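Please read the following report with the sequence and the 3D structure side by side. It begins with a term that is needed for the first residues and then moves through the chain by topic.

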Amino acid sequence: MKRIQATDAKPNRHGWVFFAVIATLATATGPLYAQVPADTTRQEAASDTTPVYAVDPVIVTATRTPRPVFLAPMPVQAITPQYLKEQVPNTVSDLFRGMTGLDVSGVGANQVRPIIRGQRGQRVLLLADGVRLNNSRRQQDFGELPALVDVSSVERVEVVRGPASVLYGSDAIGGVVNIITEPPQRDGLMGTLGYRYGSEADQHRGTARVFGGFERWDLAVGASWRDAGWYSAPAGSFGNITLAEETQVQNTGVQDRSIDARLGYRFTSRHRVFGKFERYEADEAGFGFVDPEAYAPDEASIEILYPFQDFTKFSLGYSGTQLNSVLADRFDAVGYVQQNKRRLDFNLFTLFGPGTPPGAGIAIETENFTDIGTTGFRLEATKLAASPLLLTYGVDFFRDDSENTDVSNQTVVGFGPPMTETDSTPTLPNATYRAIGVFLQGELAIGPRATVILGGRYQDIRAESRETVGLDNEPETDTNRTFVGALNAIYEVTEGLSLVGTLGRGFRAPNLIELFFEGRTPEGGGYQKRNTDLKAEKSVNVDLGLRYRNQWVSAEGFVFRNQIDDGIRIAPLDEEVDGFPAFTNVNVAELLFTGVEISADFFLPSGFTVGGNFSTLSSEDRLDPDNPIGESYSTKFTWRGRWDEAGDRFFVEYAGRHNGEQKEAQLVENPIGDVLPAFTVHDVRAGLTFLRTADGRPQRVVLGLQNITDELYAEFSNASFFRPEPGRRVTLGLELAF
């Protein structure tokens, strides 16, 4: 049964804050501009009074044409290579906790997933080098793992806040996370060695990469290995829960390995091809839980563990530039096949309660094996149709083929010898999920200051179950055909001031779990009945924002309103199945998410930087205000300070984050209470570049201390299930280049 966190279901009343803060900053400091956190490349002249400034990173995800963040006509963020190296994360999702409008769900070394503006799971599209990683077998609230991409191979990460369905299709209703790996662009052979240590779980991770170019060929090969145990949460109180001593958060470790290899060939300066192989294996990774004996002995004990996950992917691609043909100036094509196998073990033990023998209860052990094979491609072309008009168009396709088996043992104890019943009925029939879409986008420059981008997509999605051993089922088919459009505009008022506006429509078709699943839910305590009459979710999103910059300061602010029609939510039924309350997925007429996002960085003399961001999020079911729907923070405020040594050899930084309290709503009683409490965490980090190679690549060591005050807290998406974060801990990262 799903336990759902919710923001306070009130209309957003913070819009005035956005305009007031931006106006104050503009008056006090002059021009500002939108920027990523204070981690980008810094440049400083010899004089201590010379201002420093950030290099505006170039992004491609938002519009499919390279452009600086400052000129992107929608809310975007870029995690730069330097920030990735200095933070030494387990996965790229770890970096989202302190970023504007972003949050995370899940705990442990590899299970952390992104949340964008309160949307998570299948409402966020995860890409690797522009190709989707989402699959149709995941639950709505748990999307695919960013850990499938080895973080040591990542060059940068680009995040689009808000719908991006025109370019990327289904699932991009809340936003897009594009993990972009580093291409081998240098001549000669070179490489890196890396090591990460984490004290919270005695974690050790080693990486090695070799890359280079030889005449027309380029090559990159990488591998990593990690061993992380279970971490511990500190003693303390969080709402109504009190841990008397340091307590293990079980199933938060992992033993995983990855390898990737890329080989490219350049026919001419305009024509390139490549092939890529990727494999990721993870053992003993889980959702994490604290034994209820530590805080609420009468609570049910729920364990969700992945004994293994194996992911393999082959890609072939072609890129043509400066083609100057009638149809395209640039053409890109990529095709891929991938196999995603995993086993999920679910264990639930519930006491029967008063009137029964001590220790009497029911134990449920369920094993689910899933095998998903995916085939897909993406074809995309760009053509300068006329001097002010740039066209981007193409077609994409994917097909998931899902097979699974289930075995469930239900044991009653406390009434003499244990009584066990075994059931091997699959909870999901074998099925396929096919999607094909065509898209067209036009980018029009209106004079020297204004740019307008208008696009549309037609998508056809078909889900089809088939006869499955162990199920007495008739094949069923669900078809969704959708058209979406988007209008994005940016106007440069001055060289340092831009106005941004977006009007976009997104969609997400129901996946296989939502359509065809029937059985006990993995979270325990409920029985889900299938609903093949679900319609696709559709959203209308509006963003209004300002970007302002000069050589001393950069900032941006956005207000947004995202209305999702026919939103898919779990709803209780007035019945029980096998002694469990029954639920089913239904379409909710109107879900509304509104919020404000503000960020600013100030670049001071002598290498100092200070900055922070502020986000609010409100959500409600417009037709049923008592039905809470939030999946993230209601308010979040972060702050940071940093000093960089003039020679770029040493840095030290401090960062803090405060999440405000929010209402809690769920389908069963929660031991934390009706309000999820606020929390504040503090981190410090320092890095030393002790040597550089002849081509300038650093030999670097980074040391971090996280959760300095040893506070007991849980990210709000993890609070109801009570998966707290680690206590005070040390992280060490070492990078050697050769």
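A residue is called buried if its relative accessible area is under 20%, exposed if it is over 50%, and partly exposed in between. The model discussed here is a predicted one. With these cut-offs, Tyr265 counts as partly exposed because its relative accessible area is 24%, and Phe267 also falls in the partly exposed class because its relative accessibility is 44%.

**Aromatic rings**

Phe679 and Phe716 form an aromatic pair with an edge-to-face arrangement, in which the ring centres are 5.5 Å apart and the planes stand at 65° to one another. Phe679 belongs to strand S41 (residues 679–692) and Phe716 to helix H5 (residues 716–719), so this pair ties together parts that are 37 residues apart in sequence. Both Phe679 and Phe716 are buried.

The chain has 15 aromatic pairs in total. One of them joins Tyr265 and Phe267, whose ring centres lie 5.0 Å apart and whose planes meet at 85°, so the pair is edge-to-face. Tyr265 and Phe267 also belong, together with Trp217, to one aromatic cluster.

| Charged residue | Ring | Distance from charged end to ring centre |
|---|---|---|
| Lys313 | Tyr336 | 5.2 Å |
| Arg549 | Phe70 | 4.0 Å |

Is Thr374 buried or exposed? Thr374, which is found in strand S24 (residues 361–386), is buried, because its relative accessible area is 6%. When residues up to four places away in sequence are left out, Thr374 touches Tyr336, Val337, Gln338, Phe398, Arg399 and Asp400.

Asp400 deserves a separate look. Thr374 and Asp400 are separated by 26 residues in sequence, yet their C-alpha atoms are 4.5 Å apart in space, and the side chains of Thr374 and Asp400 make a polar contact at 2.6 Å.

**Two examples of strand pairing**

Strand S25 (residues 389–413) pairs with strand S26 (residues 419–423) in the antiparallel sense, over five bridges. Val412 has Met419 in S26 as its bridge partner. The strands S25 and S26 form a hairpin with five residues between them, and in the turn Gly414 has a positive phi of about 100°.

In another part of the chain, three strands form an open sheet in the order S6-S7-S8, with antiparallel pairing. Its edge strands are S6 (102–105) and S8 (119–120), each of which pairs on one side only. Strand S7 (residues 113–116) is joined to S8 by two bridges, and these strands run antiparallel. Across this pairing, Ile115 stands opposite Arg120 in S8.

**The chain as a whole**

The secondary structure comes to five helices and 43 strands. Of the 738 residues in the chain, 58% are buried. The chain exposes about 28100 Å², of which carbon and sulfur atoms supply 58%.

Technical notes
Residues numbered from 1 in each chain as written. Predicted model: local features only at pLDDT ≥ 70, side-chain atom pairs only at ≥ 80, totals over all residues. Heavy atoms only, no water. Helix = DSSP H or I, 4+ residues; strand = E, 2+ residues; numbered from the N terminus. Buried < 20%, exposed > 50% of the residue type's maximum accessible area, 1.4 Å probe, protein only. Contact = heavy atoms within 4.5 Å. Polar contact = N/O pair within 3.5 Å; in protein donor to acceptor, adjacent residues only side chain to side chain. Pairing = 2+ DSSP bridges. Phe/Tyr/Trp six-rings, centres within 6.5 Å; stacked < 30°, edge-to-face > 60°. Lys NZ or Arg CZ within 6 Å of the ring centre and 35° of its normal. Areas by Shrake-Rupley, 256 points an atom, 1.4 Å probe, with all protein chains shown as cover.
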